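Let's work through a protein model by question and answer. Look at the sequence and the structure first.

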Amino acid sequence: MEKHNQWEIKAIHLRMSIVRKYITILIFCIVAILIPTQSSFLPPCEPVNETVAVEKEGCPKCLVFRTTICSGHCLTKEPVYKSPFSTVYQHVCTYRDVRYETVRLPDCPPGVDPHITYPVALSCDCSLCTMDTSDCTIESLQPDFCMSQREDFLEY
């Protein structure tokens, strides 16, 4: 009778070991599925309405208004091995197609051109950062930051 119990105990241990292996495989599969789908919860790279500020040296006020900018998530890759001979280019959400508009800053003194031209996003793309139209810094100021007195322009 005692030998029969030992066989039963060994069989139970074997079944538990198999169940643990299947649970480990199941957890691995769930994690492998959830990691790529996590990026689908992040906002995609697309044109969005945003409040921005423009200012110019010599003009006492900055103008705050709403326009369309590019914003959102781009997939990036970080290499495991970094070679000093290779360069890694990270893609950012930036302008693909733009239209340029011009606004007039208020209260600029004579001799200072009060006009500022800025890009309006028509479409966006994940690509290398273009310094002409994008803020390529790691940590930047908010788009509506002003160093001088603010004047809100409510029309869009």
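Me: What should I know about the model and its numbering?
Reply: This is a predicted model: local features need pLDDT of at least 70, side-chain atom pairs count only at pLDDT 80 or more, and totals for chains, interfaces and linings use all residues. Side-chain values use heavy atoms, without hydrogens and water, and residues in each chain are numbered along its sequence from 1.

Me: Over how many bridges do β1 and β2 pair?
Reply: Strands are DSSP runs (E, at least two residues), numbered from the N terminus. Two of them pair if DSSP finds at least two bridges between them. β1 covers residues 46-54, and β2 covers residues 61-71. They run antiparallel, and the number of bridges is nine.

Me: Which residue in the turn of the β1 and β2 hairpin has a positive phi?
Reply: Six residues lie between the two strands. One in the turn has a phi of about 100 degrees: G58.

Me: Is K61 buried or exposed?
Reply: Buried means under 20% relative accessible area, exposed over 50%, and partly exposed in between (1.4 Å probe, protein chains only). K61 sits in strand β2. Its relative accessible area is 15%, so K61 is buried.

Technical notes. Helices (H or I, at least four residues) and strands (E, at least two) are DSSP runs, numbered from the N terminus.
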